[in-house]
Amino acid sequence: MVLKNFKDNVIEAKNLNFKTIIQNVTFEIRRGDYAAIIGPNGGGKSTLVKLILGLIPYDSGTIKLFGKTPTLSALKKIGYVSQGISKLDENFPISVHEVVKLGLIANKSLFARINRSDLEIIDRALIKMNIEDLKDAKISELSGGQRQRVMIAKALVNNPQILILDEPNTGVDKQSQINFYALLKDLNVKENITILFITHDLGVIVDDINKVLCINQTLLACHDPRQIYHSEQLNQLYGVDAHMVCHHH
Ligand SMILES: Nc1ncnc2c1ncn2[C@@H]1O[C@H](COP(=O)(O)OP(=O)(O)OP(=O)(O)O)[C@@H](O)[C@H]1O
């Protein structure tokens, strides 16, 4: 029997370059990682994610997904929740259940129908994101935090091995942020989904993440997040005298 290496690389970037925005970036994300990308506004975080997902072509370097040159089937194993997407449906009269169903339909052939097992998959995704009671609610009736959960449930119906989220907590209050990250961590631990997210909330997540990528055009650091408390790299990253301050809350 061949034992699968639990810690194999699922995303690898080597000497990646895109215009002047991403310069010579090399890093790896391993199966099971719960990793954050941090950096200043305009530092290239969203661009890096789009390069990983093949949404924009890079100029030079390499990206591998699951150890291989990216293919469509590898990309289908990645769930992506983009920045601000939860605002898109604000005035559209569509229910939570219907939005999550769209995630499944996107991966079905043209004339395939939603069957009973699809409905169970949708229900399970709603339960995982703790929004089963909102199933019939209209998207326009939800808070920003609830909408973000809906968008993650929509990604979960395709059973992703990796979940990539671009600033999932923009405009959400502190307690909702904490609850949200607890749910994400649950997905990482219980569902064994590798998670990579862009955030400005380093203080909220620093104890849980096992890797942080500090990006400001180049990758300034890729390491254990606890080292960043006393790191000169925070100053370098944000271009100001920056410190992480521990707060008992
Ligand atoms: N396809 C593109 N072609 C050229 N320039 C781009 C492209 N996409 C983004 N940019 C530019 O690259 C820079 C980095 O943008 P990006 O959105 O990646 O930053 P970010 O770190 O995610 O910022 P924020 O924290 O504000 O969301 C910006 O100056 C942006 O205008």
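**Figure 1. Residues around the ligand in the predicted model.** The ligand is surrounded by Lys-19, Ile-21, Gly-39, Asn-41, Gly-42, Gly-43, Gly-44, Lys-45, Ser-46, Thr-47 and Ile-56, where a residue is taken as near a molecule if its C-beta atom, placed from the backbone, lies within 6 Å of it. This shell divides into two nonpolar, seven polar and two charged residues; Ala, Val, Leu, Ile, Met, Phe, Trp, Tyr, Cys and Pro count as nonpolar, Asp, Glu, Lys and Arg as charged, and the others, Gly among them, as polar. Residue numbers run from 1 along each chain as its sequence is written. The model is a predicted one, in which local features need pLDDT of at least 70 and side-chain atom pairs count only at pLDDT 80 or more, while totals for chains, interfaces and linings use all residues.

**Figure 2. The protein as a whole.** The protein has eight helices and nine strands, these being DSSP runs (helices H or I, at least four residues; strands E, at least two) numbered from the N terminus. Of its 249 residues, 35% count as buried, a term used when 20 or more other C-beta atoms lie within 10 Å of a residue's own, whereas 12 or fewer make it exposed and values in between partly exposed, with C-beta atoms placed from the backbone. Among contacts between residues at least 6 apart in sequence, 68% join residues at least 24 apart, a contact being a pair whose C-beta atoms, placed from the backbone, lie within 7 Å.

**Figure 3. The open sheet of three strands.** The strand order is β2-β1-β4, and the pairing is antiparallel, with two strands taken as paired if DSSP finds at least two bridges between them. The edge strands, each pairing on one side only, are β2 (22-30) and β4 (60-65). Ignoring direction, neighbouring strands of this sheet are turned by 10° against each other on average, the axes being lines fitted to C-alpha atoms and the angles running from 0 to 180 degrees between N-to-C directions. Strand β1 (residues 9-18) pairs with β2 in the antiparallel sense over six bridges, and Leu-16 has Val-25 in β2 as its bridge partner.

**Figure 4. Helix α3 and Leu-134.** In helix α3 (residues 96-105), the buried residues are Val-96, Val-99, Val-100, Lys-101 and Gly-103, and the buried residues of α3 pack against α4 and α5. Leu-134 lies in the loop between α4 (116-128) and α5 (144-156), and counts as buried because 21 other C-beta atoms are within 10 Å. Apart from neighbours within four places in sequence, Leu-134 is in contact with Val-96, Leu-142 and Gln-146.

**Figure 5. Ile-193 in its loop.** Ile-193 lies in the loop between α6 (174-190) and β7 (194-198), and is classed as buried because it has 22 C-beta neighbours inside 10 Å. Not counting residues up to four places away in sequence, Ile-193 touches Pro-160, Gln-161, Ile-162, Leu-163, Leu-187 and Asn-188.

**Figure 6. Contact between the two domains.** The domain assignment, with bounds from an automatic or database source, gives domain 1 (1-77 + 161-239) and domain 2 (87-156). The contact takes nine residues from domain 1 and eight residues from domain 2. On the side of domain 1 that touches domain 2, the largest share, four residues, comes from α6, and the residues of this side divide into six nonpolar, two polar and one charged.

Conventions. Contact = placed C-beta atoms within 7 Å.
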